[in-house]
Amino acid sequence: METDDVSVREQLFHNRVRETIICVLLFTCLYMVCYLILTHFKKTADFVTDDIEDATVNKIVLWLCTFTLSVSVCAVLLLPISILSNEVLLTFPQNYYMQWLNGSLIHGLWNLVFLFSNLSLVFLMPFAYFFTESEGFAGSKKGVMARVYEAVVLLLLLALLVLGIVWVASALLHDNIARKSLYDLWEYYLPYLYSGISLFGVMLLLLCTPFGLSRMFSVTGSLLVKPRLLEDVEDTLSCTMFEEDSLSRKLSCGSSPCWAKLDREAMRKEYQTVQSKRVALEMRRKASPWQRNLGYPLAMLMLLALTVICVLMVCFNVLELLLDETAMPRGMEDPHLGMASFSMFGSLGAAVQVVLILYLMVSSVVGFYSSPLFCFLLPRAKDTNLTQIIANCVSLLILSSALPVFSRTLGITSFDLLGDFGRYNWLGNFYIVFLYNMLFAGLTSASLIKTVTWAVQRELIRAFGLHRLPITVSRSTVPFRLLLASGLSKIQ
C-alpha cells in the first residue's frame, strides 16, 4: 500500500514538473517573439540617451510591456490549443508520445493566463505608466528607486480608488452581498472587477469585429497584386516616380533659406514613404500572371467565405439559444479531452473553428486600429514612444482576454470556458447573450453588404477611368448601367 502511495505521489510530481516545463518553454518562446516585435516599433531615441536613469527605466518598462504582450498572445491561443489538443488525442488515443497532452495541462494554461491577465491589467501596466512619468518625491534623493517608490504609492492610491468604485457598484447592484463581503477582496471583488473588464472587452469586440471584417477586404487588397482590370500599376508607378523626383530635387536644394529644419525633416519622411511605395509598386509590376489573376480573387473569396461562415454560425447559435438551454456559455472544471470532438463535423470542423477564432481576432485588431477613436494608437516602426506602447499592450490584452468568452458566446466553438473564465456574472443572463448574438449578426451582415456592393462599384469606377472626372463620383451620380456601357465601349 505504501509503495502504491509513493508511486502515485511520484507520478503527480512528475506530471506537475512536466506541465511547468511546458508552460515555461511556451511562454519563453512567446516572450522572445513579442520582444522582437516591440523592439521593431519602439522609438530608438528613448533608449539611446545620455541619461542612464531614463534608459534604465525605459528598459524595465519595455520588459513589462513584453510580458503583457506575451500574455495577450497566450490568451489568443487558449481556444486553438485546447481544440487542437482534443483532436490530437482523438486521433492518437494510445500514442505514448502524446500522453503529456492532457486536461490538467490545458486547465493549468487557462488558470495561468487568467492570473497573468489580472496581474498585467491591474498592476503591471499602471505601474509601468506611473514609472515612466514619475521623477521621485520632492526632497528625496534622485534615482531609479525614488521613481519606483513614487510609482508604487500612485499605484496603491489608484487601487484604493478602483476598489472603492467597485464596492459602490456592487452595493448598488447587490446590496446584501456587498455588505457581507466587504473584506472578501480576493474571492469577490477582484473577480467582480475582472468580470466588468471582460464585459467591456467583449463589448469592444462587438464594435470592432464587424467593422474589422469589412475592413479586411481593403487591407488584404492593398497587400496583394490586383488584376489589371482593377488596377493600373504602370500609371500609379509613373505618378509615384514623378513625385519622388520632385521631392528629391527639393531636398537637394539645401542652400535655399526657405526650407526650415522641421520642413526638411517632414519632407525627408515623405520622401522615404514615397520611395518605399515606389519599391512596392515595382515589385507588384513584376508579379506573375498567376499571382495577379488568381491570388487576389482567391483571397477575396476566402475572406468572404470566412465572414459568411461566421454569420451563419452565429445565426445557428441564436436558434440553439431559443431551443436548447445547453447552448448558453458556461464554465467547466474538467475539459475531458479525447472523449468527443467539439464539432459535429469532426476534425475538419475543429480546424474551421480554429481558423475562425484567429480570423475574428485579426479582424478585431484591424477594426480597432481603423476606428476613428483608436487610430492614433496605431504603432509606427521605430517611431512609437513608450506611452503608446503601453496603451497598445493594454488594448490588445483587453481584446485578447475577452476572445475566449467572445467566441463561446457567439457559438463559434462549443468548448466551454475553463477556470475563472466561466465565473463571469453576466454569462448566465439569457437576454444579454441573445441580444449580443443578434447585434453581432446584424452589424456584420450590414457591414458585409455595404462593403461588397460599394467595393464592386468603386473598383469599376477606377477600372474604367471615371475617378479622373472633375466631378464627385458616387453611387448616386454613376448608375450601374453607365459603368457597363463604359466597359463595353472600352472593350470595343
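Q: A nonpolar core is a set of buried Ala, Val, Leu, Ile, Met, Phe, Trp, Tyr and Cys residues joined through side-chain atoms within 4.5 Å. How many residues does the largest nonpolar core have here?
A: First, a heads-up: this is a predicted model, so local features need pLDDT of at least 70 and side-chain atom pairs count only at pLDDT 80 or more, while totals for chains, interfaces and linings use all residues. Residues are numbered from 1 along each chain as its sequence is written, and side-chain values use heavy atoms, with hydrogens and water left out. In the largest nonpolar core, the residues with the most contacts inside include Val 61, Trp 110 and Phe 421, and the size of this core comes to 89 residues.

Q: Which helix gives the most to this core?
A: Helices (H or I, at least four residues) and strands (E, at least two) are DSSP runs, numbered from the N terminus. The top contributor covers residues 52-91 and puts in 15 residues. That's helix 2.

Q: What share of the protein chain is buried?
A: Buried means under 20% relative accessible area, exposed means over 50%, and partly exposed is in between (1.4 Å probe, protein chains only). The chain has 492 residues, and the buried ones make up 42%.

Q: Among contacts between residues at least 6 apart in sequence, what percentage join residues at least 24 apart?
A: Contact just means heavy atoms within 4.5 Å. Take the pairs at least 6 apart in the protein chain, and the part that joins residues at least 24 apart is 77%.

Q: Which Pro does Trp 110 touch, not counting residues up to four places away in sequence?
A: Trp 110 is one of the residues with the most contacts inside the largest nonpolar core. Its partners include Leu 78, Leu 79 and Ser 82, along with Phe 415, Leu 417 and Phe 421. The Pro among them is Pro 404.

Q: Is Gly 212 buried or exposed?
A: Gly 212 lies in helix 6, residues 185-223. Leaving aside neighbours within four places in sequence, its contacts are Ser 363, Val 366 and Gly 367. Gly 212 and Val 366 are 154 residues apart in sequence but 5.1 Å apart in space, C-alpha to C-alpha. Because its relative accessible area is 0%, Gly 212 counts as buried.

Q: Which residue's backbone nitrogen does the side chain of Asn 102 reach?
A: Find Asn 102 in the loop between helix 2 and helix 3 (103-133). At 2.9 Å, its side chain reaches the backbone nitrogen of Leu 105.

Q: How many salt bridges are there?
A: A salt bridge is a side-chain nitrogen of Lys or Arg within 4 Å of a carboxyl oxygen of Asp or Glu. One of them is between Arg 380 and Asp 383, with the closest N and O atoms 3.4 Å apart. By this rule the count is 3.

Q: Why does Arg 147 count as buried?
A: Arg 147 meets Glu 53 in a salt bridge at 3.4 Å, N to O. That pair links helix 4 with helix 2, the partners being 94 residues apart. Glu 53 is partly exposed, at 23% relative accessibility. Arg 147, though, counts as buried because its relative accessibility is 5%.

Q: What is the N to O distance in the salt bridge between Arg 147 and Asp 54?
A: Asp 54 is partly exposed, with 29% relative accessibility. The N to O distance between the two side chains is 2.8 Å.

Q: What is the phi of Lys 382, roughly?
A: Lys 382 is found in the loop between helix 10 (346-370) and helix 11 (386-401). It is partly exposed, at 47% relative accessibility. Although Lys 382 is not a glycine, its phi is positive, at about 60°.

Q: In which helix is Leu 160 found?
A: Leu 160 counts as exposed because its relative accessibility is 59%. Along with residues including Phe 137 and Met 145, it makes a nonpolar surface patch of about 680 Å². Such patches are made of residues with over 30% relative accessible area and no salt bridge, with like charges joined within 9 Å and nonpolar side chains (Val, Leu, Ile, Met, Phe, Trp, Tyr) within 5 Å. Leu 160 sits at residues 144-173, which is helix 4.

Terms used
Accessible areas come from the Shrake-Rupley method with a 1.4 Å probe; for residues, only the protein chains shown count as cover. A polar contact is a pair of N or O atoms within 3.5 Å; within protein, one must be able to donate a hydrogen and the other to accept it, and residues adjacent in sequence count only if both atoms are side-chain atoms.
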